[in-house]
Amino acid sequence: MQEALIKEMTDEKKLIDFRLIDGTEDLEYFTAEGYTDRQEVEQDEYGNWYVKGYLPIPTDDEKAEKVRAKRNLYLQIYVDPIVSNPLRWADMSEEEQQDIVNYRLYLLNIPEQPEFPDIEVKTFDEWKAEA
């Protein structure tokens, strides 16, 4: 599909005007694709523009990036504050320490799972409930 230039943006609506980057118009092409000459557009969570109501399917790379970001966030929230603090770590029972170690391994091994990137990253509490 040819790239279109987002010509007009307001706070209320973002409209796409089917003018190609080189400045020529190709309304015939876009009408053949089922578009009108002006349609409202939205941005997906990755910053890509699409015609409102026609959300594109994310690529495996986009899904993998999102899963890794969530995994990294959970490492920072649930694991790093404990394992990087010797006093906190020492106050935990062996069972609690082992839970943190196992949760860390679960998070680190997510990209190796066969269903990756179509996998939901669990919080510590969700993981613990299923363990």
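1. I77 is partly exposed, at 45% relative accessible area. The scale runs as follows: buried is under 20%, exposed is over 50%, and partly exposed lies in between (1.4 Å probe, protein chains only). I77 sits in helix 2, residues 60–83. Helices here are DSSP runs of H or I with at least four residues, strands are runs of E with at least two, and both are numbered from the N terminus.

2. A note on the basis. This is a predicted model, in which local features need pLDDT of at least 70, side-chain atom pairs count only at pLDDT 80 or more, and totals for chains, interfaces and linings use all residues. Residues are numbered from 1 along each chain as its sequence is written, and side-chain values use heavy atoms, leaving out hydrogens and water.

3. Helix 4 has 15 residues. From first C-alpha to last it reaches 21 Å, close to the expected 21 Å. That expected span is 1.5 Å times one less than the number of residues. Its buried residues are Q97, D99, I100, Y103, Y106 and L107. The cover over these residues includes helix 2, helix 3 (86–91) and helix 5. Contact here means heavy atoms within 4.5 Å.

4. Now the rings. Rings of Phe, Tyr and Trp (its six-membered ring) pair if their centres lie within 6.5 Å; planes under 30 degrees apart are stacked, over 60 edge-to-face, and the rest tilted. The count by this rule is 6 aromatic pairs. One of them joins Y103 and W127: tilted, 5.5 Å centre to centre, with 55° between the planes. This pair links distant parts of the chain, 24 residues apart, with Y103 in helix 4 (residues 94–108) and W127 in helix 5 (residues 124–130). Y103 is buried, because its relative accessibility is 0%. W127 is buried too, at 13%.

5. F124 and W127 form another tilted pair, at 5.9 Å centre to centre and 35° between the planes. Both lie in helix 5, 3 residues apart, about one turn of the helix. An α-helix has 3.6 residues a turn, so residues three or four places apart point the same way. F124 counts as buried because its relative accessibility is 16%. Ring pairs link Y74, Y78, Y103, Y106, F124 and W127 into a cluster.

6. What does the side chain of D99 make a polar contact with? The partner is the side chain of K128, at 2.5 Å. A polar contact is a pair of N or O atoms within 3.5 Å; within protein, one must be able to donate a hydrogen and the other to accept it, and residues adjacent in sequence count only if both atoms are side-chain atoms. D99 is in helix 4. D99 counts as buried because its relative accessibility is 15%. Leaving aside residues up to four places away in sequence, D99 touches F124, W127 and K128.

7. Last, L108, also in helix 4. L108 is partly exposed, at 34% relative accessibility. Not counting residues up to four places away in sequence, L108 touches R71 and L75. L108 and L75 are 33 residues apart in sequence, yet 8.7 Å apart in space, C-alpha to C-alpha.
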